[in-house]
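The structure is shown below.

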Amino acid sequence: MGKLTFSMGGVHPNDSKYARECAIEELPLPQTVYVSMAQHLGAPAKPLVAPGDKVLVGQVIAEPGGFISAFVHSPVSGTVKAVAPRKDLAGNPVMHVEIAVEGDEWDPAIDRSKELVTAIPDDKAAILDKIKACGVVGLGGATFPTHVKLSPPPGKVAECLILNGTECEPYLTSDHRIMIERPKEIVIGAAIMQKVLGCPCVIGIEENKPEAIASMRAAVAELGYPNMEVKVLKKRYPQGGEKQLIDAVMHRQVKSGGLPIDVGAVVQNVATSLAVYEAVQKNKPLITNVLTVTGNKIPGNLQHNYLFRIGVPLSFVVEQAGGVPDTAAKLISGGPMMGKAISNLDATTVKGSSSVLYLSDEDTRRKPETNCIRCGKCADACPMGLEPFLLNRLYKAGDLDALEANAAQDCIECGCCLYSCPACIPLLDHIRQAKGQVMGVIRARAAAAKAAAEAAKAAAEAKK
Ligand code: SF4
Ligand code: SF4
């Protein structure tokens, strides 16, 4: 049987994993950190500290601002200097807690020993509480609160936990490194999530990471948890997309507008699994992660994988990594396909930060756009079965009804269409805009329907 992969679309960009051999280094502490209140999907967290407060490493500094939200903890010890808006990556103002670093004093409740804790707790509710209290969110890109994702709604049953070790975006190597350097912790984290969900676990890793495959297989064999296996996936982008990974591993398709749990799947990233281990077994909140500093045609000494504390300014990361190379024309947070341009190096790292990527002028220069030649390559490449050339046309015509009817809202913003288009049409930019507009319409409609239902209910009760 051939290697597993998803059934529709996809592309094969050069993987450019230049930092794959760089062992994880611990980034030093800066003088000041700025901890964002919006580093998870959902409502921003509400600060619980004020200027002048003293904090320890791992102390709660903000509480969830809603059901889909997360606790935030101090990544350093020191004094709170300000609770104020500060610009994020894109230059938008977001509330941050500014902390002047003083020493490195940890909350004594956190187990900082290297001892591996392999016994899986029995109490599922206590596990979920701990994951929530430690502010764990998905580290594969979406930053969805993990305790919510591990709690299927009534009537839905998890049949398979898929651990995402694909790291299919070119250049990124942080997941690769943790699978080599922390495989047992990841496996224990997976076993904890299996305990909560009561289902088998498949760890999916792409074939271009043989060291990670061997390392994770050895950890699975040594720890001996039941119903867990590593499966090798073909190298193909965007294999790490939730729907694509479910298709590859379970051969099931999530319908338009549906969720993974609708087909019995729960997908978690390997870095999230490591965070679950640290939360449940070590009482350590999510205050660290690993990011890659890398780029094309830059010297080896500028390539790094760093264990960083959240809230460290990107300018500090870049400085510690040897400075921005002369060849860098653009800086990206994330991979080249789905990452976001860094417009502001004063922005800080967040829970989900995965890279600082330097792209050269040659890497980023777009060829002049020409007319669509109706070759259909964009549609062939789309892993969601969309027709990007049509969505582009509808976007230009401003036809929101037709965009919704043609499922612009299902776009996962993978960029495969743009990558494939010989006419260099900015399909991703246009379809992303179109998706945003359609999602706005869908949300407004849902809100109006909810308000109408509540008004009808109130009227019915008034009549009683
Ligand atoms: S960016 Fe959207 S439309 Fe383009 S290939 Fe990806 S899913 Fe399809
Ligand atoms: S790939 Fe580009 S040129 Fe070909 S059909 Fe799609 S939009 Fe048109």
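Which of the 15 residues around ligand 1 come nearest?

## Ligand 1

In this predicted model, the nearest of the 15 residues around ligand 1 are Cys382, Cys411, Cys414, Cys416 and Cys417. Sorted by class, the shell around ligand 1 holds 13 nonpolar residues, one polar residue and one charged residue.

Two helices each supply at least two residues of the shell around ligand 1: helix 13, residues 416–420, and helix 14, residues 427–463. Helix 14 gives the most, with three residues.

## Ligand 2

Around ligand 2 there are 15 residues, and Cys372, Cys375, Cys378, Phe389 and Cys421 come nearest. Two or more residues of the shell come from helix 10 (377–381), and two or more from helix 11 (388–397).

The shell around ligand 2 is made up of 11 nonpolar, two polar and two charged residues.

Six strands make up an open sheet with mixed pairing, and their order is 1-14-13-17-15-16. At the edges are strand 1 (24–26) and strand 16 (340–341), each of which pairs on one side only.

Strand 1 runs parallel to strand 14 (residues 304–309), and three bridges join the two. Within this pairing, Ile24 stands opposite Asn305 in strand 14.

## A helix across the sheet

Which strands does helix 3 lie across? Helix 3, residues 174–181, lies across strand 1, strand 13 (288–295) and strand 14. Helix 3 runs at about 125° to strand 13.

Technical notes: Residues are numbered from 1 along each chain as its sequence is written. Chains are lettered from A and ligands numbered from 1 in the order in which they are written. This is a predicted model: local features need pLDDT of at least 70, side-chain atom pairs count only at pLDDT 80 or more; totals for chains, interfaces and linings use all residues. A residue is near a molecule or strand if its C-beta atom, placed from the backbone, lies within 6 Å of it. Helices (H or I, at least four residues) and strands (E, at least two) are DSSP runs, numbered from the N terminus. Ala, Val, Leu, Ile, Met, Phe, Trp, Tyr, Cys and Pro count as nonpolar, Asp, Glu, Lys and Arg as charged, and the others, Gly among them, as polar. Two strands pair if DSSP finds at least two bridges between them. Two residues are in contact if their C-beta atoms, placed from the backbone, lie within 7 Å. Axes are lines fitted to C-alpha atoms, for helices over the stretch in contact, and angles run from 0 to 180 degrees between N-to-C directions.
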